[in-house]
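Have the sequence and the model open as you read.

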Amino acid sequence: MGQADIFRPYQPPKGVRGDGRTHLVMDSAAATNPGLLGWLRQAVAEGVAFPGYPRLAEMSQRAEYRHMVEVIAAEATREWITFRARGTADKKQRLADLERDFLRLNVRDVLRRMAEYDGYYGMGLLYVDTGQPRTGGALETPLLLRPETFRKGSLRALVPIEPVWTTPDQYDTTNPLSAEFYQPSRWWVQGGLLHSTRLLQFVSRPVPDLLKPAYNFGGLSLSQMARPAVDNWLRTRQSVSDLLNAFSIVALSTDMSAYAQDPEGLLSRVEAFNRFRSNRGTFVLDKDREKLELLAAPLAGLDRLQAQAQEQMCAVAQEPLVKFTGITPSGLNASADGEIRVFYDRVHAFQETFYRRNLTTILHMVMLNLWGEIDPDIDFTFVSLWQMDELARATLQKTRADIDAQNIRSGIITPTEARSRTAHDAGGQYAAVNLAGTPPAA
């Protein structure tokens, strides 16, 4: 890779970009700056330059990269989301409609794949299929989330797209104050143009503007970040395996001149020893001219060195060892609860930064598809990954009931308000109570 390649715009495969158009950008100026040459040499040597989608696709076949990506993607969508409605109006039917349409569109699995694409390639793209024909320029127009432009029943599917099949068409490189500054407004997808509102972009680790053209306007993949740690682990694992395979050598000290005329005799003697080598075998030596020794390499500490190399991969992925490898902590009173709680906090932050904006857009699309309007009183929340057992849940419910009883006696709330709170508690045992009915007598 040359010194200027780190800033060279991404070259998509043949057929991704349409023909007959000229695209002029101003990204080459940075590569001609002499002050950057030393940094460029170091960047290329350390592997921080974009390796390209074919190389990232190859890396996704290795268990170390695949597992660290799949753990985050699976955990981020494991407990998923719950819809909630604000206000006093009963909107259970609307919430049920949303859940059904999310199942129809397979939103949960689609967004899991977006997290996987982000981990493997640095970006995931989601095409919003509204039934518009690919030809005729209809897909080049913005997809406005309004009842007049987004008709009921028009949302057909959400289609995951790997970024290798896409490349940007237009973006501003002159005005940093513009909303389109290094933000593509249209994308090429195998020769067809799509407006960016029809191709939702998922990027969890954006790169600086200077590097965006080289990364196809995606982000830094987890695979690329973890490559030095994975390479170190593979080298350490192989070195330990090689050492275990030949950690001891049997050395025979003998008079080599006696075999100068008969080298086959020496080889036959060694072969005979190897054949009968066991705890029950006997090897006869000349007591004056021969000596047998066992040379063994020390193996103490190899397990710790190998474990440390494995933990370095977990540090890059920010995953506890028990999640990444299934290896539980050893020792008296050893527990991974603390590490798992920290990991769940990290996953929740990932859900908010990676999913929230585009998932809100999808929610509004589903509302327009179902009702022809956006209901501002309905939103969603991510379900906590840390789940209580039955005893802890029952204890929590009793504590809440005691608090409600105390607040009712103090006049802070009314029994009706306490009943409403209990009915809207999704995790409670009375979540399905009918608020329209007559409250039971006190």
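Is Leu244 buried, partly exposed or exposed? Leu244 has a relative accessibility of 46%, so it counts as partly exposed; buried means under 20% relative accessible area, exposed over 50%, and partly exposed in between, with a 1.4 Å probe and protein chains only. Before going on, please note that this is a predicted model, in which local features need pLDDT of at least 70, side-chain atom pairs count only at pLDDT 80 or more, and totals for chains, interfaces and linings use all residues. Residues are numbered from 1 along each chain as its sequence is written, and side-chain values use heavy atoms, with hydrogens and water left out.

You will find Leu244 in helix α6 (residues 222-245). Helices (H or I, at least four residues) and strands (E, at least two) are DSSP runs, numbered from the N terminus. Together with Phe247 and Leu299, Leu244 makes a nonpolar surface patch of about 240 Å². Residues in such a patch have over 30% relative accessible area and no salt bridge, and nonpolar side chains (Val, Leu, Ile, Met, Phe, Trp, Tyr) are joined within 5 Å, like charges within 9 Å. A salt bridge here is a side-chain nitrogen of Lys or Arg within 4 Å of a carboxyl oxygen of Asp or Glu. Areas come from the Shrake-Rupley method with a 1.4 Å probe, and for residues only the protein chains shown count as cover.

Stepping back, the protein has 12 helices and 10 strands, and 36% of its 442 residues are buried.

Now turn to the helix packing. Helix α10 (residues 337-371) packs with helix α3 (residues 63-76) at an angle of about 75°, their axes being 10 Å apart. Axes are lines fitted to C-alpha atoms, for helices over the stretch in contact, and angles run from 0 to 180 degrees between N-to-C directions. The two helices α3 and α10 are therefore roughly perpendicular, a label for angles of 65 to 115 degrees. Helix α4 (residues 92-104) also packs with α10, at about 110° and with axes 10 Å apart. Contacts (heavy atoms within 4.5 Å) between these two involve, among others, Leu98 and Phe102 of α4 and Leu363 and Met367 of α10.

Finally, look at Phe150, in the loop between β2 (124-129) and β3 (157-161). Phe150 counts as buried because its relative accessibility is 2%. Its partners beyond four places in sequence include Leu143, Met365 and Leu368. Phe150 and Met365 lie 215 residues apart in sequence, yet 7.8 Å apart in space, C-alpha to C-alpha.

Key. Parallel < 35°, antiparallel > 145°, perpendicular 65-115°, else oblique.
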